[in-house]
Amino acid sequence: MSHEQVIGNLFMNLSKDYVAQVTDRLSHLDIERHFYALYVLDQSTETLTQSKLAEELQVDKVAVVRLVDYLTEAGYVRRQVDKQDRRKQHVMLLPKAEEVLPEIREAFSEANQSILNVLDESERKDFIRLAAKIRGFYEENPMNHVKVNMNYKRVKA
């Protein structure tokens, strides 16, 4: 099997290119990562707890604690203890995050367009449909879904 035939490698390289494009577009900000976490918090219709954010980002809870620590120190988010359950901590966007979110949304939109521009309209729809179908398979079949942390190391489910 050639290097190009390893599907995981293709997706990994595509992901790296995508993240690099977003990161480069936002390099002037005073944070260098976790733009997607801010995007997820912004797009949520409810205030997310750290646990729910971990679930949404599909990373372990320890990684989210570090992520929220990083964004808190930079002034983009704050934690708020849940009044009914003190074990839960909600993650709240601060005005500094609200100021940069339009630019973050635009960076993701541009990265999407960049990737999809090499495809014609029919191929775009097929790509998104097929990628969603593959992702759905892993979500619906937990035995086939191995969680990894942000360093691509296997973690306990």
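Residues are numbered from 1 along each chain as its sequence is written, and side-chain values use heavy atoms, with hydrogens and water left out. Because the model is predicted, local features need pLDDT of at least 70 and side-chain atom pairs count only at pLDDT 80 or more, while totals for chains, interfaces and linings use all residues.

**Overall fold**

The chain contains six helices and three strands; helices (H or I, at least four residues) and strands (E, at least two) are DSSP runs numbered from the N terminus. Along the sequence they follow the pattern α-α-β-α-α-β-β-α-α. Of the 157 residues, 26% are buried, where buried means under 20% relative accessible area, exposed over 50% and partly exposed in between (1.4 Å probe, protein chains only). Among contacts with a separation of 6 or more, 51% join residues 24 or more positions apart; a contact means heavy atoms within 4.5 Å.

**The sheet**

The three strands form an open sheet in the order S1-S3-S2, with antiparallel pairing. Two strands pair if DSSP finds at least two bridges between them. Strand S1 (48–49) and strand S2 (77–81) are at the edges with a single partner strand each, so one side of each has no neighbour in the sheet. The two pairings are listed here.

**Helices H3 and H4**

Two packed helices are described by the angle between their axes and the distance between the axes. Helix H3 (residues 50–57) and helix H4 (residues 61–73) pack at about 110°, with axes 9 Å apart. Axes are lines fitted to C-alpha atoms, for helices over the stretch in contact, and angles run from 0 to 180 degrees between N-to-C directions. H3 and H4 are therefore roughly perpendicular to each other; angles of 65 to 115 degrees count as such, under 35 as roughly parallel, over 145 as roughly antiparallel and the rest as oblique.

H3 contributes Gln-50, Ser-51, Leu-53, Ala-54 and Leu-57 to the contact, and H4 contributes Lys-61, Val-64, Val-65, Leu-67 and Val-68. By class, these are seven nonpolar, two polar and one charged residues. Ala, Val, Leu, Ile, Met, Phe, Trp, Tyr, Cys and Pro count as nonpolar, Asp, Glu, Lys and Arg as charged, and the others, Gly among them, as polar.

Val-65, in H4, is partly exposed at 33% relative accessible area. Not counting residues up to four places away in sequence, Val-65 touches Gln-50 and Arg-79. Val-65 and Gln-50 are 15 residues apart in sequence and 7.2 Å apart in space, C-alpha to C-alpha.

**The nonpolar core**

A nonpolar core is a set of buried Ala, Val, Leu, Ile, Met, Phe, Trp, Tyr and Cys residues joined through side-chain atoms within 4.5 Å. The largest has 31 residues, of which Leu-38, Leu-53 and Tyr-76 touch the most other members. Helix H1 (7–25), helix H2 (35–43), H3, H4 and helix H5 (95–116) each supply at least two residues, and H5 gives the most, with seven. Leaving aside neighbours within four places in sequence, the contacts of Tyr-76 include Leu-29, Leu-38, Leu-71, Met-92 and Val-100.
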